[in-house]
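Thanks for making time for this one.

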Amino acid sequence: MSSPSVDASVVEVPLLVAGVPQRSTTNRWSTVHNPSTGKPLARVPLCSTAEINKVVEVAAAALPAWAETPAVERARVMFRFRELMQGKLGELAALVTREHGKTPAEARAEMQRGIEMVEFACGIPSLLMGQSLENIATNVDSETSRHPVGVCVGITPFNFPSMVPLWMFPVAIACGNTFILKPSEKVPLSSMRLGELLHEAGLPPGVFNVAHGDKEAVDALLHHPLVRAVSFVGSTGVAKYIYTTGTANGKRVQSAGGAKNHVIIMPDADLDQAVRALQASAFGCAGERCMAGSIAVPIGRIADDLVEGLCKVGRSMKVGPTDGSLGNAAGEVDMGPLITREHRDRVAGYLDVARDEGADVALDGRSFDLPGDGFLLGPSVVDRVKPTMRLAREEIFGPVLSVMRTDDLEAALALGRQCEYGNGACIFTRSGWAARQFKRHFNAGMIGVNVGVPAPMAWFPFTGWNKSFFGDLHIQGTEGVQFYTQQKMTLTRWFQSADESHVDPIWKTKAGG
C-alpha cells in the first residue's frame, strides 16, 4: 500500500544497515497504528527486491570477520546488550505497548522473556563446545566442532514485537552468523530500538541489520543465494510457504505456525485455579499469541461451573487503551486492543459464526462498554462448540474462548488427535494418573500440567508439532544453537616415525593397496 499524503507528526521508519539508519528508496509504504487510539504512529517502507539484495550483501561482507571473532568476545557483546536492555526495560516495554497494545504488565513480561534469550546466548562458549575421543582407532583421535552457517534471516510476527526477534538473533549472532531481521510491518519500532542497543553494545557494523517489507521483501530473502538459514514465526499458511520456498532454494528453515491449544479441566481440578489460568491463557495479550488456550475442554460435571466462572471473570475484566490516552491509569486495564481494526472485526465475526453453527455465545465481547477509538473487543466465551465447527478448527487469534464438553479423558485426547495443529495443551487435575496419561498421549509438542501457558523458557526448545511447525530443529534452547551452526568432524593421526605401519587403522587396509 502507498501513503500519498503523510501527517508531519508521523515518524518515518528507516532501515538499519551496517549499524546506520538508512532511508528507504521505495515508493511503497505501510502505516503503523497505535492500536489503543487507532491513530497513525509511523509509516514503514515496503522494501523492493533491489533494496533487500543490498542488505544481504552488507550482511555477507560482515560475515568473515565476525565468524572469526572468538566466541568469548561474541559472548561479551551479548553480556553488554543484556545490561543495556535491563537498564532500559521500562522504555522498551512502553514501546511495545505503544505499537502493539499490550498492557504495561504484559509488555514488561515480554521484555523479560526476551532478555532471558540474551542470557542464554551469553553462554555460547559452552554451548559451542564439541565432542572428542582420543584413540578412536589406533593412534587416531576424533573431534567435532561447530561453525556458523552464514547469513541468517528472521521473519517475525506482530504479536510479540521484541520477544520473537529475540528468540532468533542473539543466538544466531553469538554463534558467529550475521543476521537480517524482517519484522512485521505492523510493529517495526521495537526491532529498530533493539538494533540500536545491539550496536551500542559493541556489535560490528553489518552483523545485524533490519529491513522492512511485505511479500516482495520476504521472497527476495527466500531466493537470495547468500542467505543460508531462515527462521519464521506466524500463521500456518505462511509458515508452510516459508518452509517450502526456503528449502527449495537450499536453505535450512525453522518455521513456526499457528495453533489451536486445548486446556483440559478434569472433574477433580481446583476450579478457581483453572478459571484464573484460563482467563490469563485465553484473554492475556488479547488472545493474540500462538500459545493461547483457545479451547477449554471440561470433563463431566465440572462443565457448568467452569463456564459460569469463566463468564464471571470475563465480565469483570477492564478492557481499554493501554497507553493512558484516555487519562486512565494504564495499570488499571486488564486487556488492551487487538492489532488492527480489520483484525478486530475478523475476530468479532467469529461470534456470529458461532451462533450460525449452533454454539452458545455465553459471553459476547461486543457487549462491553469500550471507550475511545482503539481496536478494542471484550473477552468472549462460546459454549457447546462441536469438533466440526469453525471455532474448533480455525485459529482465531483473539480473545474468544471455545468450550468443548466431553465425558472423559479419552474423549478429550481424541479431540487432540483430530486437531491439525500441535503447539501446546494443558491439563488441570489433582490426579497424577490423569496428568501422566495426558502428558504421554496428547497430540501436541508443549504440555502443561496445572500450567495455563506451557511456553518454554529460553533454555528449552519451542517444540510445536504437526501444522504448528515446519522443519527439523526448533527455535530456542540447544536446538536453536544446532540450527544456527554446522558441525565439522576431524580425524587426526600423527606418525612417530617413517617406519610406522602403512595400514589404515580405521579401514584396516594398506595405503596404496
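N139 sits in the loop between β6 (132-137) and β7 (140-148), where helices (H or I, at least four residues) and strands (E, at least two) are DSSP runs, numbered from the N terminus. Please keep in mind that this is a predicted model, in which local features need pLDDT of at least 70 and side-chain atom pairs count only at pLDDT 80 or more, while totals for chains, interfaces and linings use all residues. Residues are numbered from 1 along each chain as its sequence is written, and side-chain values use heavy atoms, with hydrogens and water left out.

The phi of N139 is near 60°, which is a positive value in a residue other than glycine. Is N139 buried, partly exposed or exposed? N139 has a relative accessibility of 44% and so counts as partly exposed, given that buried means under 20% relative accessible area, exposed over 50%, and partly exposed in between, with a 1.4 Å probe and protein chains only. K508, in the segment after β21 (485-493), also has a positive phi near 60° without being a glycine, and K508 is exposed, at a relative accessible area of 61%.

Let me turn to the open sheet, whose 3 strands come in the order β1-β5-β4 with mixed pairing; two strands pair if DSSP finds at least two bridges between them. Its edge strands are β1 and β4, each pairing on one side only. Strand β1 (residues 11-12) runs parallel to β5, joined by 2 bridges, whereas β4 (residues 29-34) runs antiparallel to β5, joined by 6 bridges. Which residues stand opposite A42 in β5? They are V11 and V32, while S30 has V44 as its bridge partner in β5. β4 and β5 form a hairpin with 4 residues between them, and in that turn G38 has a positive phi of about 80°. Strand β5 (residues 39-45) is mostly covered, with 5 of its 7 residues buried.

Now the cores, where a nonpolar core is a set of buried Ala, Val, Leu, Ile, Met, Phe, Trp, Tyr and Cys residues joined through side-chain atoms within 4.5 Å. The largest has 69 residues, and F81, M85, I173, F179 and F208 are those with the most contacts inside it. Helix α6 (residues 163-174) supplies the largest share of this core, 10 residues. Apart from it lies another core, of 61 residues, including A286, L306, V381 and V400. Returning to F208, and leaving aside neighbours within four places in sequence, its contacts (heavy atoms within 4.5 Å) include F169, I173, F179 and L203.

Finally, how many cavities of 30 Å³ or more does the structure hold? There are 3, a cavity being a set of points, on a 1 Å grid over the protein atoms alone, where a 1.4 Å probe fits but cannot get out, and lining residues having an atom within 4 Å of a point. Grid points are joined across faces, edges and corners, and a volume is the space filled by probe spheres set on the points. The largest cavity holds about 120 Å³ of space, and of its 16 lining residues G287, R289, A292, S294 and F397 lie nearest its centre. The second largest cavity holds about 40 Å³, and its lining includes K260, H262, C419, Y421 and F442.

Key:
On a 1 Å grid over the protein atoms alone, a cavity is a set of points where a 1.4 Å probe fits but cannot get out, and a pocket is an open set with protein on both sides within 12 Å along at least five of seven lines; lining residues have an atom within 4 Å of a point.
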